[in-house]
Amino acid sequence: MGRIVLENVTKSFGDVEVIPPLDLTIEDGEFAVFVGPSGCGKSTLLRLIAGLEDTSSGKILIDDADVTAVSPSKRGLAMVFQSYALYPHMTVRKNIAFPMRMAGVSDAEQEKRIAAAAKALNLTDYLDRKPGQLSGGQRQRVAIGRAIVRDPSAFLFDEPLSNLDAALRVGMRLEICEMHSRMETTMIYVTHDQVEAMTMADKIVVLQAGVIEQVGSPLDLYHKPRNVFVAGFIGSPRMNLFSGPEAAKHDAATIGIRPEHTEVSTTEGTWKGIVGVAEHLGSDTFIHVHDTGLADTVTVRIAGDIAVSHGDTVFLTPQAGQIHRFNADGLRID
Amino acid sequence: MAIVAQTSRFSKIAWPIAAWAVGLLFFFPIFWMVLTSFKTDADAVKPEFLFFFTPTLENYLNMTENYDYWRFAANSVICSVFATVFTLFVGIPSAYAMAFNPSRSTKDVLMWMLSTKMLPAAAVLYPMTFITKNFLGIFDTHFLIILVLSLINLPIVVWMLFTYFKEIPKDIIEAGKMDGVNTWGEIREILVPLAWGGIASTALLCFIFCWNEAYWTVRLTTTDAATLSKLIEGNRAPEGLFFGRLSAVSTAAVGPIIVLGWFCQKQLVQGLTFGAVK
């Protein structure tokens, strides 16, 4: 079990309120991702749930029990840190055994769980090494192993992959997803990388300045962003947003069109512009178009290849029904 | 090129000479003391016998036979060991609290602790003597000396430990909290093993300070708790200048600490430069 509920939670550091009153429910077994630009309060929120920071007001419930004043060690949660935070003076085996030793688990049971975790995480050959003798990816696995053996009611991940190189990050991302499918334990994952958020989450919580901008499934957020911030933050490359006369034509203060929802032609179309840079990736082509009169740059994503280059004139046409409209307050108009 | 080569040849010779000069300068008083301890009192004051004299063990024999050296030495060991242990016992949790759970006044507390070192000891000599003798009845006891040595060293010990503990990533301590450790467990299982080098050098330095402390150990003891400092002091005053005897006693007093320091010098240097070269 691991249903986590935040009721009216706030957090201030001195006079600075980093989390204004906030309500959030994470269901048992859910993979929730907190995403937002740096400094948006997502890590603080995770630390509040972990108990590493005290709430300024409000309640935190885990499986209906109020844990607001309970110490981190008694909340039954496990956390994986960005810096791995392994105990450098202990071997991998002792690192993994540590939480069990603290909980008074019998030696035989400890050995059994260590063996199982090491097998699942490919660490069997490294059990007698110290963390200093491991690569970044292996260290992260040890940190995950240390979390798994506790059998926690929820896992908390604080940007666990940001210290890894790109290739390793993709691999670990898959492993964590598979681990979640297998264990069906609640996971809360903090990242600033919206690709991680989109690919891993059951539920994404988009935060800005401590405020929840939108909560929903990845595709909800993609297809129906609640406001301009979410529209710009979710999706890669980011959505093109225009205001002014073009938006007024659609009875909106701002309109948005995703790069992949725009057609390109060299002969005819709705908007005319000049190609600034064309990035040919083989599978896709990203075209950055200037002088459209809409915005400084309009980004377009075309599947496959198209023969355009710097200085060419192109015409852009938005796909029918793919224009997102927002009012003067930045909120979505349906 | 030639200039560079010349400079490096010059510095290859000049630096070691300078280093040796400074080293010898520091070492000279100890060398002189050891040398003098093997002279008769008469020879000790004659400049022509500075390096060339007939060595004698008279001073050392005299010391153990007449002055009960071993009792003073035992007191020094007892007071220094207990004071060091007590200081660490109080200092480690204090430094831990300030390093990992700082409050707005942590800096002020640290400064205040250091400011107690700025108080001239002479200013509180009379009240200390008066109170311990007349009210508390603990004058000339091991308890008093251990307490005084602990208290005068505590600020510097807390400062040193604080600096070492600051080097430990906060994440590791927090991981411990998540893994179900209480505060004592964090100190025992994580902090002490990680900061072992720093703690050891702090302990060694504290021990040396306790061992060599003279102002209070001389003034707050008469016989029962008198340490080696008192023995040295006792050989100075009444009968005039007896440099030979004084040097023998001093050599015997600092001997153990020099040997200890020699064995721990790697640890000590590592500890003292810790943090300077992150």
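This is a predicted model: local features need pLDDT of at least 70, side-chain atom pairs count only at pLDDT 80 or more; totals for chains, interfaces and linings use all residues.

Q: OK, and which residue stands opposite Ser57(A)?

A: That's Thr10(A); Ser57(A) itself is in β4(A).

Q: What's the strand order in the open sheet?

A: The order is β2-β1-β4-β5 in chain A, 4 strands with antiparallel pairing.

Q: And which are the edge strands?

A: β2 (16–26) and β5 (65–66) of chain A, each of which pairs on one side only.

Q: Where does helix α1 of chain A lie?

A: Helix α1 (residues 42–50) lies across β1, β2 and β4 of chain A, and runs at about 115° to β1(A).

Q: Switching to chain B: at what angle do α4 and α7 pack?

A: About 35°, with the axes 6 Å apart; α4 of chain B covers residues 69–100 and α7 of chain B covers residues 142–166. The crossing of α4(B) past α7(B) is right-handed.

Q: What kinds of residues make up that contact?

A: Between α4(B) and α7(B) there are 21 nonpolar, 6 polar and 1 charged.

Q: Last topic, how many residues of chain B are in contact with chain A?

A: 15 residues of chain B, against 17 residues of chain A. On the chain B side, α8 (170–178) and α9 (183–194) each supply at least two residues, and α8(B) gives the largest share, 6 residues. That side of chain B divides into 8 nonpolar, 3 polar and 4 charged residues.

Definitions and conventions: Residues are numbered from 1 along each chain as its sequence is written. Chains are lettered from A and ligands numbered from 1 in the order in which they are written. Two residues are in contact if their C-beta atoms, placed from the backbone, lie within 7 Å. Ala, Val, Leu, Ile, Met, Phe, Trp, Tyr, Cys and Pro count as nonpolar, Asp, Glu, Lys and Arg as charged, and the others, Gly among them, as polar. Axes are lines fitted to C-alpha atoms, for helices over the stretch in contact, and angles run from 0 to 180 degrees between N-to-C directions. A crossing is left-handed if the near helix is turned anticlockwise from the far one by less than a right angle, and right-handed if clockwise. Two strands pair if DSSP finds at least two bridges between them.
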